[in-house]
Amino acid sequence: MEATAAQAARTNGRPPETEAPASLPTRLVRGVASQIQRRIPAADLDERDPDYIRENLPTAWLLSSLWFRGEVRGLGNIPETGPVLLVGNHSGGNMTPDTTVFTLAFCAYFGVERPFYQLAHNLVLSMPGLSFLRKYGTVAASPENAHKALEAGAALLVYPGGDWEVHRPSTDRNRVDFNRRKGFIRLALEHDVPIVPVVSIGGQETALFLSRGDRLARLFGLDRMFRLKVLPISLALPWGLNVGDMLGHIPLPAKITVEALPPIYAREEFGNEPDLDEVYDHVTRLMQDTLDAMAAERRLPLLG
Amino acid sequence: MRVAESLEVSAPPEVVWKVISDPTRYLHFLSGFTRWEVVSDEPGGCGARYKMLMRVGSAEIGGLIEVVEWVPNRELAWTSITGIDQRGRWRLRERARDDGTVGTWVELRLTAGVAGSGLFGWLAERIAAPTVRGHLRRSLQQLKRQVEHEELRARAAARRRARAAAS
């Protein structure tokens, strides 16, 4: 009797509905989501392998120099030693050529001996065939991993814009868009490390990005299941119409230029308890100004 | 990759040695090099260490190097401690010239690579070699010009002093 009353209360007096079994597509998506969650590697900074990086520098150099005609400036702005938070704008869909070009330049300039980690979306690290990224120091984007890397005295590369920025439409290719994410500032303040903005251009010319598909992502519940805010739609090789970019694509050989700016010491510049919005606006303003200048240098898309 | 370039400088080996044994002057004549910085207590001699970088394609390659041979007016060689595997050598030899003056044959060698990098490493070295060779050739030409101009200025100063003394 009590159980019946409780049931009636839960259903607001209406007769209880029998729970309908999930539809096949929903079950499929949930199944894939749980598989992916299982595949996300545990945080382990020890997986970075300097010898592996050194042995693969020539391959990265070939890709960066011949395909992307990479040009990296201002590496001298990055403090020579100690922990540092490198904050980049992200471009090029899931292939992210700017990361390849910058990682090569950083490892060649400072030596593979300097610990250097990059935060990446969980999906990237759980993709079959991409486990080698962990040897480069790529770890799943989580506050825990970021703290561990900075506590270890490493340089840490983060892309606050993440999937939101990397899949922005080609029409916004010269726009820094972190979607007001300020976690990187809290991280820098907590560890009292300098922020070095790293601005890149050219990545968004490696395919024709039509839409982020953020509404589609919400419709399919991708945010809840995969932490994905977008379901991007692009025209890319070899697929033609490319929805989701889950299998990646062949990036067009656009010239990639990257520039590291002078370090920002938030507490020195904004006081002991800086206003996050103020620091955010300062960092993004500097990056946007640099990106505008770099865009003005480019004469033609792709060719640079 | 093993790259070597050489030329003859119209100055005695001691004058050339004075330039190449001074790491603070390297960036004034080395072409394509973006860094040559002393990181040891001693700026010269066996055991001196430098941080050097050279722009090749999309990256600045190099690392920490240590001088392993230091024979004044003849040989200066280094090997890498960190960064890519490399060995470099300056080789100076005296050359008597027809006009009775003494010149110096200068050779700059660089052997660089990454052990264990396989086929792509081999390919990258072949593609990078012409760029590195160009850097070395231009560096030698700039060294020659710098040394010979200094030598000309020194001789002119000596002539002026001699004339002043005679009058």
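Q: How many bridges join strand E6 of chain A to strand E10 of chain A?
A: This is a predicted model. In chain A, E6 covers residues 195–201 and E10 covers residues 257–260. The two strands run antiparallel. The number of bridges joining E6 to E10 is four.

Q: In E10(A), which residue is the bridge partner of A:Ile201?
A: Strands E6 and E10 of chain A are joined by bridges. A:Ile201 has its partner in E10(A). That partner is A:Thr257.

Q: Which are the edge strands of the open sheet in chain A?
A: The sheet has seven strands, with mixed pairing. Their order is E1-E10-E6-E2-E5-E3-E4. An edge strand here pairs on one side only. The edge strands are E1 (71–73) and E4 (138–140).

Q: What angle does the direction of H4(A) make with that of E3(A)?
A: H4(A) packs on the sheet. Among the strands it touches are E1, E2 and E3 of chain A. Its direction and that of E3(A) make an angle of about 170 degrees.

Q: Which helix gives the most to the side of chain A that touches chain B?
A: The contact takes 17 residues from chain A and 22 residues from chain B. Helices H3 (50–67) and H4 (97–110) of chain A each supply at least two residues of the chain A side. With nine residues, the top contributor is H3(A).

Key. Residues are numbered from 1 along each chain as its sequence is written. Chains are lettered from A and ligands numbered from 1 in the order in which they are written. This is a predicted model: local features need pLDDT of at least 70, side-chain atom pairs count only at pLDDT 80 or more; totals for chains, interfaces and linings use all residues. Side-chain values use heavy atoms; hydrogens and water are left out. Contact means heavy atoms within 4.5 Å. Two strands pair if DSSP finds at least two bridges between them. Axes are lines fitted to C-alpha atoms, for helices over the stretch in contact, and angles run from 0 to 180 degrees between N-to-C directions.
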